[in-house]
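Open the model in a viewer and keep the sequence panel beside it. The stops below say what to select and what is there.

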Amino acid sequence: MKKKALFFVLGLYFMPAISVAATCSQANLTRCLDSACAINVSSNPAARCQYCGTSSAGTPSNSNTMRSLTLGQSTKYILTEDELEDAPTAPGKRYAWATAECIKKIEGCTADDVSDVYDSLIEQSCKAAGISAKMTELRAAAAKPVSATTCSTDIRACMIDTKKCGPDFSSCETDAEFNNFFAACSVEATGCDDYISSIRDTLISDRDTAIANADKLLSNIVTAYQTARDKKLSDAKTACTDNTARETCIKSVCERSMPNKCAVGYESEKSAATQLCKFYDLACDLLK
């Protein structure tokens with residue numbers, strides 16, 4: 001009886017310690033991470049990728065508001081608007097920030113739990129944005145320091161490849177075409193998240209300038225041909241007015257084809273040359 005009593009007392013002593021070891025609630029952890037990474041996700045499937053994956057997915061709308069995500073919810077398991085004011089805007093840094101904040105807020109959770117619970121959701125969101133990338137790659141890209149110049153050079157070289165936009169951007173005239181290639185190129189340029197937005201703006205401007213110049217060049221070529229045609233027509237009409245074109249033709253035939261060069265006394269040669277150049281009279285009649 002004494003042994004049983006002792007075990008019972010020991011059981012009561014250790015029971016509180018057992019109950020303290022909390023288990024990470026995946027539902028609450030997801031709710032917390034979503035409050036930083038999935039704002040307005042119901043209307044924007046790419047939100048998780050845009051906020052906490054890669055800026056190559058584009059800029060999320062309403063990035064400074066929580067709107068429907070937090071309406072009517074307890075703030076116990078989510079990051080509030082005040083807390084989100086300190087959140088980085090660069091996706092890689094925002095993911096790391098949200099991880100640190102949420103494992104402090106949700107008892108029993110670790111960074112490994114965040115990866116297990118949330119990485120696949122971000123990857124699915126990136127697919128919705130047309131980007132196929134693993135979170136391990138995105139985190140490595142965010143952690144690797146790269147200069148703005150290197151990023152700009154690498155992405156530009158990728159964009160003007162003949163299999164993408166081309167040197168003259170002729171294959172990226174629409175924003176849809178441009179965005180498709182830019183998403184692929186920016187994912188390849190690891191560590192460039194902080195510069196993606198400005199690089200995109202620069203390339204869009206260069207694209208617009210190149211296309212405008214191409215249109216202007218084409219217009220100039222068309223105008224030049226039209227001017228040349230108009231001048232030839234004007235010259236032809238002038239030649240018909242004083243018959244200089246027909247007389248030049250007769251002189252040329254005499255010099256090149258007649259044995260005696262239509263000299264005086266060889267009127268038959270002059271008559272033959274005149275007949276050969278008769279088509280000038282017919283042409284002039286059409287121009288009148």
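Select Arg207 first. This is a predicted model, and in it Arg207 has a relative accessible area of 3%. The cut-off for buried is under 20%, so Arg207 counts as buried. The side chains of Asp208 and Arg207 form a salt bridge, with 2.8 Å from N to O. Asp208 is partly exposed, at 39% relative accessibility.

Next, zoom out to the whole chain. The chain has 13 helices and 0 strands. Of its 288 residues, 34% count as buried. A search of the whole structure finds 7 salt bridges. Side chains of opposite charge can pair when their charged atoms come close.

For a salt bridge between two helices, select Glu83 and Lys105. The closest N and O atoms of this salt bridge are 3.6 Å apart. Glu83 lies in helix α4 and Lys105 in helix α5 (residues 91–105), so the pair ties together parts that are 22 residues apart in sequence.

Lys104 has 63% relative accessibility; because exposed means over 50%, Lys104 counts as exposed. Glu101, with a relative accessible area of 21%, is partly exposed.

Go back to helix α4, which spans residues 81–84, and select Glu81 in that helix. Glu81 counts as partly exposed, at 48% relative accessibility.

Now select Asp119, in helix α6 (residues 111–128). Is Asp119 buried or exposed? Asp119 is buried, with a relative accessible area of 9%. Show the side chain of Tyr95 too. The side chains of Asp119 and Tyr95 make a polar contact at 2.5 Å.

For the last stop, select Ala189. Where in the chain does Ala189 lie? Ala189 is in the loop between α9 (175–188) and α10 (196–241). Ala189 is buried, its relative accessible area being 9%. Then select Asp154 and draw a C-alpha to C-alpha distance to Ala189. The two residues are 35 residues apart in sequence and 6.6 Å apart in space.

To finish, clear the selection and colour the chain by secondary structure. Read along the sequence, the pattern is α-α-α-α-α-α-α-α-α-α-α-α-α.

Notes
Residues are numbered from 1 along each chain as its sequence is written. This is a predicted model: local features need pLDDT of at least 70, side-chain atom pairs count only at pLDDT 80 or more; totals for chains, interfaces and linings use all residues. Side-chain values use heavy atoms; hydrogens and water are left out. Helices (H or I, at least four residues) and strands (E, at least two) are DSSP runs, numbered from the N terminus. Buried means under 20% relative accessible area, exposed over 50%, partly exposed in between (1.4 Å probe, protein chains only). A polar contact is a pair of N or O atoms within 3.5 Å; within protein, one must be able to donate a hydrogen and the other to accept it, and residues adjacent in sequence count only if both atoms are side-chain atoms. A salt bridge is a side-chain nitrogen of Lys or Arg within 4 Å of a carboxyl oxygen of Asp or Glu.
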